[in-house]
Amino acid sequence: MSGKDLESFIRENRNSFEVPGPRPNLWNDLESKIPVRRSPVKRILGSTWLQAAAVLLLLVNAVLLYQYIKYQRQPQGIAQVTPELQEAKVYYTSQIEQRLQSIRSFPPDALGLDSAARKELELRNDTYQMLEKELIANPGNERIRSAMVRYYQMKLDLLDRILDELEEKHTPNDKPKHYAPEI
């Protein structure tokens with residue numbers, strides 16, 4: 001067959017070559033007949049116990065986050081910042097309180113101190129609070145730790161001197177009754 005014959009053959013039988021395609025809704029009908037299979041992940045996610053576990057996990061995370069934020073907002077003391085200084089603080093605080101109790105047992109007029117000076121003798125004065133704040137802000141600073149210990153020692157020395165002077169001024173008969181058994 002020559003090229004002209006082939007071309008004329010195609011033109012004459014063109015309609016015979018045209019085959020109608022599939023009908024328009026064929027794919028939709030086929031898809032509707034195929035059973036729907038859910039993937040294993042969707043089946044697992046669809047179960048009720050997994051949903052409950054997810055809700056429980058969210059609640060636990062929310063509680064932990066709340067506790068963490070609450071802990072971060074808590075004012076930190078020396079015990080949390082420098083636990084090793086806590087032992088020194090307990091020792092010096094008890095010693096200072098013991099001396100302050102002894103001083104308080106004397107009559108206020110025998111002390112010769114006004115209320116501001118007596119307040120300054122207390123451990124919780126401005127200097128102490130400033131050192132404590134500095135130590136909390138800079139927990140690794142050795143100079144501040146040393147200053148805290150030195151502050152305790154100076155306070156203790158001062159209270160010992162005051163007690164010595166008070167005991168020298170007052171004869172055993174002038175001292176309060178609770179000193180009598182010690183003498």
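Helix axes here are lines fitted to C-alpha atoms over the stretch in contact, and angles between N-to-C directions run from 0 to 180 degrees. Helices themselves are DSSP runs (H or I, at least four residues), numbered from the N terminus. The model is a predicted one, so local features need pLDDT of at least 70 and side-chain atom pairs count only at pLDDT 80 or more, while totals for chains, interfaces and linings use all residues. Residues are numbered from 1 along each chain as its sequence is written, and side-chain values use heavy atoms, with hydrogens and water left out.

Let's begin with confidence. The pLDDT, the predictor's confidence in each residue on a scale from 0 to 100, averages 80 over the chain, and 83% of the residues score at least 70.

Now turn to helix α11. Helix α10 (residues 126-137) packs with α11 (residues 142-169) at about 155 degrees, their axes lying 9 Å apart. The two are therefore roughly antiparallel, a label for angles over 145 degrees. Their crossing is left-handed: the near helix is turned anticlockwise from the far one by less than a right angle. Contact (heavy atoms within 4.5 Å) involves residues including Tyr128, Leu131 and Leu135 of α10 and Ile144, Met148 and Tyr152 of α11. By class, this contact has 8 nonpolar, 1 polar and 3 charged residues, where Ala, Val, Leu, Ile, Met, Phe, Trp, Tyr, Cys and Pro count as nonpolar, Asp, Glu, Lys and Arg as charged, and the others, Gly among them, as polar.

Helix α7 (residues 83-104) also packs with α11, at an angle of about 15 degrees and with axes 10 Å apart. That makes α7 roughly parallel to α11, as angles under 35 degrees are called. Here too the crossing is left-handed. Among the contacting residues are Leu85, Tyr92, Ile96 and Leu100 of α7, together with Val149, Leu156, Leu159 and Leu163 of α11. The class count for this contact is 13 nonpolar, 3 polar and 6 charged.

Finally, look for charge pairs. The whole structure holds 6 salt bridges, each a side-chain nitrogen of Lys or Arg within 4 Å of a carboxyl oxygen of Asp or Glu.

Technical notes:
Angles under 35 degrees count as roughly parallel, over 145 as roughly antiparallel, 65 to 115 as roughly perpendicular and the rest as oblique.
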